[in-house]
Every structure is written in C-alpha cells, then in structure tokens.
Amino acid sequence: MTAFTSCNPSSGEVCFTRPSWNPSALEVSLRQLRDAQGAWADLNVEQRAKRLLRLADLLSQQREALADLVTLEVGKRTSECLAEIDKSAQLIRYYAELAPELLQPLRIATQASRSGVAFEPLGLVLAVMPWNYPVWQVLRFAIPALMSGNACLVKPAPSVPQCSQLLLDIVRQAGLRVLDIAWIETELVEEAIRQCDAVAFTGSTQTGRAIASLAGRHLKKTVLELGGSNPFIVLADADIEAAARDAANSRFRDAGQSCNAAKRMIVVPEIADAFVEAFCGEASKLRAGDPRDPATTLSPLTRADLREALHAQVLDACHHGSELRLGGQMPHTPGFYYPATVLDRVNPDCRVYHEEVFGPVASILRATDEADAIRLANDTPFGLGASIYSADNERAWQLARRIEAGSVFINRHTSSDLRLPFGGVKASGYGRELSEFGLYEFVNVKTYWQK
C-alpha cells in the first residue's frame, strides 16, 4: 500500500510516513461512526454545542504544537499557521452560538392544523480535503455538519499525515467520537462515498469533477469548493498604492497556494503602468526563508511537483508574449522555494490566462477600458471571488453585479468571513460553506404536516 508521506518543504527531506488503511479498516471506521452518530443526533443542539466548545478550547491550548506540524508539512509561515488555527477555534464558537437558533424547527402556516419544517441530520458525511489549510478546511466543513447532528469521515491529503493525526487526537481529547480520519487511498474513495450519505470536497476542479461523478453514481449530495482564479480589478480612480499592497498581500500570502487569492490583476490604461510599478515594488520586498523565522515573508511551495508545474506555466507565458517583470527563475537551493513572480501583458495564448496558478505568480491583464475589465474578469472558467478597487463605491457595486463569482469585495482583497457564505460558481464548484447557508448544506429539511 502507498503510504501517507510528509516532506519538509523548506529542506526537501522526507520527515514522516505512515501506512494506508486496508478495506477492513475502512469498514470498522464506518461502522463505529454510524453507531456514534445515532447517539450524537439524539442530543439537542445546545448539548452538541457544549461538547464542540470543548474542542475549541483544546485547539486554542494546543495551537503552537499544531501550528508547528502544519509549518513542517505544508511549509507555511508559523504566523499564518497560528492564524489558521485561531480562526478554526473562532469558527466553533461562532456556530455554537448561532446553531441553536438556526436549527430550531419552523412553524409554517398552511391549511393544516400544524405544519412546518425541521432541520435533521443526513447521517454520515465524507470529506475529501486538501493540504493547504489542513486544520481550517477540515473544520470549516466538519463543525456545521457536526452541529447539525451528522458524523464526519475525513480523508486528508497524503502529504499532511502528522497534523491530521494531531487534529484527530485533539478531537478525541474533546470526547468526540463522531469524527474520524480515513487513511485511505484513491481506490477506496468510491467505497467510502457509497457508504456515506453526502460528500464535501475541497481541491482542484479536475478532482472535483471525479468526486462529483462518483457521488452522482450513488446519488449522494455534494458540496464542492474548487479552484479559483480571482480577478483583482483596479479602476482609474482607485488608490493605487493601497490596491498594490492589498494585491501583493492576497497573491503572495501562503506562498500563493490559496484558491481564494487574487491571481489576475486587471488594470485600466489610465493607471496600468503606475499600478504595475507599485505592485512589483511590493512583491520585491518579500523575503524567502525558513517559514519558522519571523523575518520570512515568502514561504516555500509544499511539493516539488507543484513547483515544477508552476514554473512550466511561467515559461509558457513568457513564450507566448507575456513580459516577465519580476522573478520567474527556478532556485537551485534546498527546498521548494519559488520567487515572487510578476507576468505583465498576459494574453489568451498563455496558459496562465485560462488555468489556475497555485503559487507566488501574479498575472497582469491590461484592459482597454472599464467595460473590458469586466469582460476580462469573467473570461475564465472559474468563479470563486473577485475584487474591485475604486473611489466610487456606488459604481463599484453596480459593476460587481456583472461579475460571475460567488463573492465580490469592494476595496479589499477576497477572503472568507465566518458570517458570510463562501463558495463559487462555474468551475469553482457549488454549494456554500460558513454562515447559516453552510449550516444548512448537510441537513434534511424535512416537512411535517398534520391534518
């Protein structure tokens, strides 16, 4: 069996390996989760919330140890890892406060003597999760699902076994037996889907299509949070320096390995040169180094193959007429580092125009005017998020309605907020996480009617 293996991205050295499950181990986990889910669903929402709050406290208590493992296996800066864990604990506390009210049955007046809807669990939900946010992604899915009375089986990415195991240990310390980690290979995923009641997936669009196909074969509900190529539109009246700072922060944080990062900077002619100069200035300040060092501002990519794929996209863009304004050179030092890279005058012949770019590479697209900027923003298979920078807020709001995306931010880079739904359209997937909309994704909205 292929092992789950982690590699230190800052050195390139393998640091841990563990075996995969065989089919009988999967069967045992599924049976235990089914047994635990019934008792969990019998608790009222307040009781479930109280138990999950214990998990939030334990996450906060063990944040440093968990962050160290995320840094080791993913390569993210320690400060970024701590922020991920803190946000995860905040998520639990948010739903513990929100869910008891939102999951109350609703009375709806009809000709019946009594009628309405109740929000009941689906049962057992499988999640296939990525490596880039190994704590946040798991809990962003799991907490609302658990709060609703479901049990959760999580297949982590093969490259993050240590932080996944520690997260499971913390879950167990909280006394929760309704979440388990599935150490399974690809060939067992369909069997897990068949035996679960719904599926959540976060990852690439290509893999999302495969997961959706398997789930459809067995008529299982899915929520897919897939790739993104977020446009970052800068209009003529924008604050150029502020926009450049925000764009650089969004594009290069977490080494650019975020689906929701700004990736395509779309600029109108009046400010194009000034923005590119300011943006390159911000990007050139970034310092690559040990992600545990507070002075480091650009961490390595997570895997060697990801770096190779990223560099191939850069070479293709240069071959097809893009101007390399910064970076673009493959380092010959240990680890999987790649410099902050800026490609100017990206055109439709370039792969980066159409593909998601998962690393510290920014594309500059020069629009002919404001209308063309909106066209360029929508000329992509993806539709996760978008940003518009302008001094005219009302005009920006009007333009936002023309953008095909799950979210639009005005004068701020895209991000997720616990109180707002998160998800995309087109090749960025479907369904929503976070807020009350995420809470309702994995419930049976059951109608009751009494004569």
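Predicted model: local features only at pLDDT ≥ 70, side-chain atom pairs only at ≥ 80, totals over all residues.
**View 1. Domain 1 and domain 2 bury about 2,100 Å² between them.** Of that area, 53% sits on carbon and sulfur atoms; buried area here is the accessible area (1.4 Å probe) that two parts lose on being put together, summed over both. Residues are numbered from 1 along each chain as its sequence is written, and side-chain values use heavy atoms, with hydrogens and water left out.

**View 2. The two domains, side by side.** Domain 1 takes in 3-226 + 426-450, and domain 2 covers 231-410; these bounds come from an automatic or database domain assignment. Their centres, taken over C-alpha atoms, lie 30 Å apart. In contact (heavy atoms within 4.5 Å) are 24 residues of domain 1 and 29 residues of domain 2.

**View 3. Lys426 and Glu404 pair up in a salt bridge.** Their side chains meet at 2.9 Å, N to O. The count between the domains is 1 salt bridge (a side-chain nitrogen of Lys or Arg within 4 Å of a carboxyl oxygen of Asp or Glu).
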